[in-house]
Every structure is written in structure tokens, then in C-alpha cells.
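Hi,

Here is the structure I promised to pass on.

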Amino acid sequence: MGHVVAGLVACLLLPAYSYARGEGGLAWRMFSTSDSFRLRLLATDRTGHVHLLNPVELSSGVEPALRAYLQGAERFRSWPVGSAFQARLPALARLGCATGRYASVELTLERSPNLDAPLQVTRARVSCP
Amino acid sequence: MVALTGALLFALRIGGCQANSEGVVPNTAGFPNAGTAGASGGGGGMAGTGGKPGTSGMAGTGGVAGTGGVASAADCERAAALVVGCGPADTCAGNSIVHAYYCDQTSCTGSVATRQSICGDNATCVKGSCYARTVTPTKTCEIPLDCGLPPSVCAGRELLSFSDPSCDEGQCHWKQLLNICSTKDFGAVGCGSGECATHSMQTSGPQIGMPSADPMQPPTPPAAACAKASDCSLPPPSCFRSQAPGNLANDALVSYVNPACTAGACVWQIDLTQCGTSCAAGVCAADGAAGTAP
């Protein structure tokens, strides 16, 4: 009986709770999709020149787990973190201000929820202090 | 009951596989953020000059074997095949790295077993690490943005990335960033195929961890059917508050731009423009600018 209860909790209740919260993380569905993403980081300096920066330059200041996924994010990656980047896009763009003497930073996230879906483009723009 | 549970689980997995991942925020409590502690045992060998990853993690100097190189030939054979273990600093022999590991991985002293790995044609061995020769990027240009970003390459155990291109006399040059793969944060064990190879690619060992959950996503515009892009009117602007490092609120104005008609449905690009202070009802409060699409 104990095994059945454990099975119900692990296989049904936890995933259902996770779906109910709207994330699905405990349903482990992030590994059952082909979500892919790419980041493009552009910084404009005080003289108006535009710099194409590697997203890995944002590494300082982000949580370690997210930092790892910035490496190589300048190309499309099928890592299950596209929505995590999307939720943090303005904050990440603001971190770009610390990478040089820039007047503004633009960070673009391109996501494809699956292989057939059109690209979803989200762009964050911040002015640097 | 068990059969019922299995059937429901199967249905759940099918649903998960077919589900569109829109709106899914990965991770959550099941994947600890800092789950990499001890993954590579600290920073030894980070810059390619010190010992190899795992040196401090495997310490155990109070082991039972004592010192004096009493390890057997079999121990040395096993040590020579190690990827992570304790040993003296790697060195170079020609264009090859000489990896050295103590035969006795318990006491981390005594006799040493070695193994060589060739750096390859596009890399050179310096102080026990392979570094990519930066002849890789050769590209002509008129302006820096023509250059793009070349793919990252492995430089020994670390990852060499390229950034901020400049165009000098028609040739691209990039700033080179050496990313340390062998850190606790990344939980990586080295570099392979142009990316840090993490423990999560293995069947055992610490996982790299997933980003913490963040249920707040930029608001999605209402669904709209279309035959052509001009059928797609711009949804009104709205506000988005994301969490910045340090839990500082980060209000942004959300605009929907560049409409397109894809498979009979309107699709917009989302622009998030930082507000000076706060955003309410599609307007930045700081400057009072109306939230109109650029």
C-alpha cells in the first residue's frame, strides 16, 4: 500500500501540482520538448557605435545555474531554459551595461517552442546609467 | 491500482511530449541551483596552470594507504585513465598535454601515472593546457557587425569565446574570452565540441542545476486569426515586472511590434523597454511616456 501511495504522489500529485502552478517543472516536461533559443546582445557606446557582444559577457551577476547556459547562447541551443531567459530578459540586458561604457543595451531572445513553430522574438532595451 | 497509476503516468508523459512548451518555466524545486558542489573539487587547474579539477575535492589526505608509492601496477593503470583525480600539475610535451595522476588516489601521494593527449592542429600546448590558435576567425568586413560571432572553441579544458568584433583594414578581429569550464558553478568537467561538458551529460555525479523558477513571463498578446500580416493590429502595450538580481524590481513597458501572419495566426515580436521607475496600465510612470509601439 505504501508503494502505491508513493507512486501516486511521485507520478500524479507532484506533476499535477506543478502543472497547476503553470510551470510543469516537476512534470519534467522540459526534457520532452524541442524548445530552442538564441541570444543576441548589442550594446551602443557613448559615441553611437554598436558593439556585438557575446552573451557570455553577462555571466557575472546571474545565478550560477543560468550562467552555465550563457556559454554558447549566441547560437541556437536546445536547452530547456528559453523561458527562464525570457522572464529575466530586462534584468539580463541591464547587466550588459556593466560590461563596458555603453549608453544602451539591447538583448534579443529568439525562441522556437518546437521544430515547426515560428520564431518568437522578445527584445529588451535598457538605457545605461 | 498500480496498473491504473501506470496508465495515468503514460498518458501524462504523452501529454508532456506533445505539449507546446510555451509558457513553461523550467525547473523548479526538483533541481537544486547549487547542486554542483564538489563537482570538480574547486579551482585547481582553472587557468590551465594549476592542478587538475578535483584535486581539492578528492583530498582525503588522511587515507589508510600511507605514502611512499606502494600502489600496484593496476592502480597506476586505473589512474592513467582518470579524467578527474588528484595529481601534480599537467605539463606539456611538445604539443601534447601530459596528464599526471597519483596511482594512489586515496593518499594522493607517491608514484604518478601519466597519459598524453594531443592538442591538435588548431591548438598549442602552454603550461599544461591546450589553447586555440586564434587563426580561426578570418573574415573580411566593411563594418564590425559584418563579422558576427564565430563559434566558441575549446582551449584545453576551457572554452574560448569571441565577442565585440572590430573591423580593421577590412579584416575582422574579435575580443577573446576564456571561460573557465572547470568550476563548481558550472559543474563542468572540461570542454568538448565547443562547449563546457557538464556532469549533467553523465549518468552519475552532480547535476549542473536548473535556473530557479520564475513564473513571471512577459504577457502574451491575445490570439488573433489572420490571412495576411496587415490583418494583425497591434495589441495595446502593457507592463512587465521581472526580478532583477538582488530582487530589485525591474519594470518594463511591453510593446508588440512587427506583426506577421503565420499559419493563420498573428504573431508579434515583443519589445521590453525599461521604465525609469515603474509601469502601470501600459505607461511608464517615470517619464509619463505613453506606451506606444516604436
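Predicted model: local features only at pLDDT ≥ 70, side-chain atom pairs only at ≥ 80, totals over all residues.

Residues are numbered from 1 along each chain as its sequence is written, while chains are lettered from A and ligands numbered from 1 in the order in which they are written.

Let's start with chain B. It has two helices and 15 strands (helices are DSSP runs of H or I with at least four residues, strands are runs of E with at least two, and both are numbered from the N terminus). Of its 294 residues, 36% are buried. Buried here means that 20 or more other C-beta atoms lie within 10 Å of the residue's own; exposed means 12 or fewer, partly exposed is in between, and the C-beta atoms are placed from the backbone. Taking contacts in chain B between residues at least 6 apart in sequence, 51% join residues at least 24 apart (a contact means C-beta atoms, placed from the backbone, within 7 Å).

Next, the nonpolar cores, which are sets of buried Ala, Val, Leu, Ile, Met, Phe, Trp, Tyr and Cys residues joined through C-beta atoms within 7 Å. The largest has 49 residues, and the members touching the most others are A:Phe85, A:Leu89, A:Leu92, A:Leu107 and B:Ala252. A second, separate core has nine residues, including B:Ala71, B:Ala79, B:Ala100 and B:Cys108.

A:Leu89 deserves a click. Leaving out residues up to four places away in sequence, A:Leu89 touches A:Leu107, A:Leu109, A:Thr122, A:Ala124 and B:Leu272. Helix α4 of chain A (residues 89-96) has eight of its eight residues buried, so it is largely enclosed by the rest of the structure. Among those buried residues are A:Leu89, A:Leu92 and A:Arg94.

Now for two sheets in chain B. In one, three strands form an open antiparallel sheet in the order β1-β2-β3 (strands pair if DSSP finds at least two bridges between them). Its edge strands are β1 (91-93) and β3 (109-118), each pairing on one side only. From one strand to the next, the twist averages 40° (axes are lines fitted to C-alpha atoms, for helices over the stretch in contact, and angles run from 0 to 180 degrees between N-to-C directions). Eight bridges join β2(B), residues 96-104, to β3(B); B:His99 is partnered with B:Arg115, and B:Tyr102 with B:Val112. Helix α2 of chain B (residues 73-80) lies across β2 and β3, at about 140° to β2(B).

Which residue takes a positive phi in the hairpin of β2(B) and β3(B)? That is B:Cys108, with a value near 55°. B:Cys108 counts as buried because it has 21 C-beta neighbours inside 10 Å.

The other sheet is also open and antiparallel, in the order β6-β7-β8 of chain B. β6 (153-155) and β8 (171-179) are at its edges with a single partner strand each, so one side of each has no neighbour in the sheet. Here the twist averages 45° from one strand to the next. Three bridges link β6(B) to β7(B), residues 158-168, and B:Ala155 stands opposite B:Glu158.

Lastly, B:Ala263 has a positive phi of about 50° without being a glycine. B:Ala263 sits in the loop between β12 (249-262) and β13 (265-274) of chain B and is exposed, with 9 other C-beta atoms within 10 Å.

Cheers

Key:
Contact = placed C-beta atoms within 7 Å.
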